[in-house]
Amino acid sequence: MDTTHFEEIFEAKLARNEMIEPKDWMPDNYRKHLIRQISQHAHSEVVGMLPEGNWITRAPSLRAKKILLAKVQDEGGHGLYLYTAAETLGISRDELIDQLLTGVAKYSSIFNYPTLTWADIGAIGWLVDGAAIMNQVMLQRTSYGPYARAMVRICKEESFHQRQGYEIMTMMARGTPEQRAMAQDAVNRWWWPTLMMFGPPDAESPNSANAIKWKIKRESNDQLRQRFVNQTLPQGELIGLTFPDKGLTWNEEKQGYDFTAPDWAEFKNVISGNGPCNRERLAMRRRAHDEGRWVREAAQAYAAKNKRYQAVA
Amino acid sequence: MEAIKDSQGAVWEVFIQAKPGQPYRHVGNVHAFDKEMAMQNARDVYTRRGEGTAIWVVPSNYIVASSPEDIGSFFDPANDKVYRHPTFYTLPEGVQHI
Amino acid sequence: MTKQEALGKYLLRLADTNLILGQRLAEWCGTGPFLEEDLAMTNISLDLFGTAEALLKYACEVEGKGRTADELTFRRPEREFTNILLVEQPNVDFGATILRQLFVDAFDYYHYSELSKSSDPIIAGVAAKASKETTYHLRHSESWVIRLGDGTEESHQRMQNALNELWRFTDEQFEMNEVDAMLIEERIAVDLAPIKAKWLEKVIPVLSEATLQIPENTFMQRGGREGKHSEHFGFLLAEMHYIPRAYPDATW
């Protein structure tokens, strides 16, 4: 089939900044790119529940426990919204989960680091969610309608996540010497992996060019990383926490901070499965999936044989 | 009974009414195996921040959708029927309650 | 025992059952059988923590020693917790978790509905709020117990095992002692005997629709009211108490 005509309509829509909707014609590569990106994003939310979930039962106050529960729950919700956005592209949640569990699909490398102390919950909220928000705010204007709508809802819900993290860090930075040390240690450990979250430098990012061309992404990895550093540094200074980068200096000319690039060799190593927790994260997802199978099967069997809850009697 | 294959359930469309009297708005999807579960899942996923007072759920495969190719034939014919809008009409100055 | 002491004990007992069940459910966060259910269990857990906190705050006020809800949660030793044994039982699997939930939800549903008429306005307020929440919890657990009991052979067997294991902890919910006697007199607390009748009327048909058999001649376990727990409880508490006990001078 000659798709030139459709391609023109598609390009014209993008040029007018109109959203592409599920039933619109779209180039195969656009569809593939979206499925890959949205599902990676969804998997990151769901795997991201684990390092923080690790501290729910040990949260040190009732308030902290409720907040953390609600936050990790939100992440599950965000995974859910994103899976359904991906499903509008013609792939099922079953297939998407299968891709995660078999290691075909990736998720954000940040979640392969361990949460060692309660301060890590603060650092994740402040730094990791702070970095994620940069990306997510941009994605509210992404060119695929269901993805953009999911991001609008996600951004609305995320707004408390970074604040709760920063609040934890503030309390600890102003607390006992032990708490201060714990908070500083958490920043030292999470700073570099957080900078890696924006992806490789623009020059070495294989998928970036298409993503920008198709208006899936509207800003580059390096632009977002720079903005994150600019916003985060003063927040750290305010509560007396430092960053483990001797190269951090204000650059008057670019009106931003100069900073040292993270260790991209480590990034590649973690992405390819050798982070401190890669195996644990996947093992946990697989276990939850396997242990949930009998529940899903039973629900299906009950629905098939019993009219009580059937959709169409 | 046919063999059961593990699955995440069917996709349902969720509509929420924010307040009584307002129209139901599409808010997203849930997966569920039956209608009671779909209703509960919609409640648990989409009304955690006081977003609504009523919910509709419907299996996605029961939604009938127009196609992008229909845009011209469906919607353009309405463009020249300006007399359907109140601003089309000329009224004498000073008239009230009309 | 003064009325104030009785009220303090009563509030702690109610609070602890909510608190410990909330903690158990929170263990599921991130590992549910599918995403929607993960969110559902977290919602229930959050409701339970909310109720627990409200009751603990009132318990602190009644005690009048300047302790906080957090101190009662994180600094009390094992023997001072008076939750029922049922809620501290390990999650085992989703089936046992949801069956435990049915037992507690059905009790809470009738209990809070009565307790919302308490002569104590704070208790009445907490109960009225909890009553709405547990109406939904019960709808949720009831539908799941039926699905799983009458689902596949495997799910049926798992639910039957869970029932055989957990039934022995159900009677403790209705246990009354001198605390209840004193507070029922004042119309602060409610008589649990009629609640038990309603509970059975609700739970038995659900189990029967779920094609499950209630085990016969079950010896009913008890001890929670006196802080005599199962061995599982110490581990639950050790986990919950870890930070405040490791850093006693810190605030979080």
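Biologist: How far apart are the end C-alpha atoms of helix α6 of chain C, and what span should its residues give?
Modeller: In this predicted model, the end C-alpha atoms of α6(C), residues 121–149, are 40 Å apart. At 1.5 Å a residue its 29 residues should span 42 Å, so the two values agree.

Biologist: How many residues of that helix are buried?
Modeller: For α6(C) the count is 21 of the 29 residues, so the helix is largely enclosed by the rest of the structure.

Biologist: What happens at the start of α6(C)?
Modeller: There, a side-chain oxygen of Asp120(C) comes to within 2.9 Å of the backbone nitrogen of Ile122(C).

Biologist: And helix α2 of chain C, what does it reach from its first C-alpha to its last?
Modeller: Helix α2(C) covers residues 35–63, which is 29 residues, and reaches 42 Å, close to the 42 Å expected at 1.5 Å a residue.

Biologist: How many of the residues of α2(C) are buried?
Modeller: In α2(C), 24 of the 29 residues are buried, so this helix too is largely enclosed by the rest of the structure. Just after the helix, Gly64(C) has a positive phi of about 70°.

Biologist: Let us turn to Arg93 of chain A. Where does it lie, and is it buried or exposed?
Modeller: Arg93(A) belongs to helix α4 of chain A, residues 93–101. Its relative accessible area is 0%, and because buried means under 20%, Arg93(A) counts as buried.

Biologist: Which residues does Arg93(A) touch?
Modeller: Leaving out residues up to four places away in sequence, Arg93(A) touches Leu80(A), Tyr83(A) and Glu87(A) in chain A, Gln8(B) and His31(B) in chain B, and Leu35(C) and Glu36(C) in chain C.

Biologist: What does its side chain do with His31(B), and what does it form with Glu36(C)?
Modeller: With the side chain of His31(B), the side chain of Arg93(A) makes a polar contact at 3.4 Å. With Glu36(C), Arg93(A) forms a salt bridge, the closest N and O atoms being 2.7 Å apart.

Biologist: How many salt bridges are there between chain A and chain C?
Modeller: The count is three salt bridges.

Biologist: Which elements of chain A give two or more residues to the side that touches chain C?
Modeller: They are α2 (28–53), α3 (62–87), α6 (145–173), α7 (177–196) and α11 (278–305) of chain A. Helix α11(A) gives the most, with 13 residues. By class, that side of chain A has 26 nonpolar, 10 polar and 10 charged residues.

Biologist: What area do chain A and chain C bury between them?
Modeller: They bury about 4200 Å², 69% of it on carbon and sulfur atoms. The contact involves 46 residues of chain A and 52 residues of chain C.

Biologist: And what about chain B and chain A?
Modeller: Chain B and chain A bury about 2600 Å² between them, with 55% on carbon and sulfur atoms. Asp6(B), Gln8(B) and Arg48(B) supply 24% of the area that chain B buries against chain A, more than any other three residues.

Biologist: How many salt bridges are counted between chain B and chain A?
Modeller: Six salt bridges are counted. One of them joins Glu157(A) and Arg49(B), whose closest N and O atoms are 3.7 Å apart.

Terms used:
Residues numbered from 1 in each chain as written. Chains lettered and ligands numbered in written order. Predicted model: local features only at pLDDT ≥ 70, side-chain atom pairs only at ≥ 80, totals over all residues. Heavy atoms only, no water. Helix = DSSP H or I, 4+ residues; strand = E, 2+ residues; numbered from the N terminus. Expected span 1.5 Å × (residues − 1). Buried < 20%, exposed > 50% of the residue type's maximum accessible area, 1.4 Å probe, protein only. Polar contact = N/O pair within 3.5 Å; in protein donor to acceptor, adjacent residues only side chain to side chain. Buried area = accessible area lost by both parts, 1.4 Å probe. Salt bridge = Lys/Arg side-chain N within 4 Å of Asp/Glu carboxyl O. Contact = heavy atoms within 4.5 Å. Nonpolar A, V, L, I, M, F, W, Y, C, P; charged D, E, K, R; others polar.
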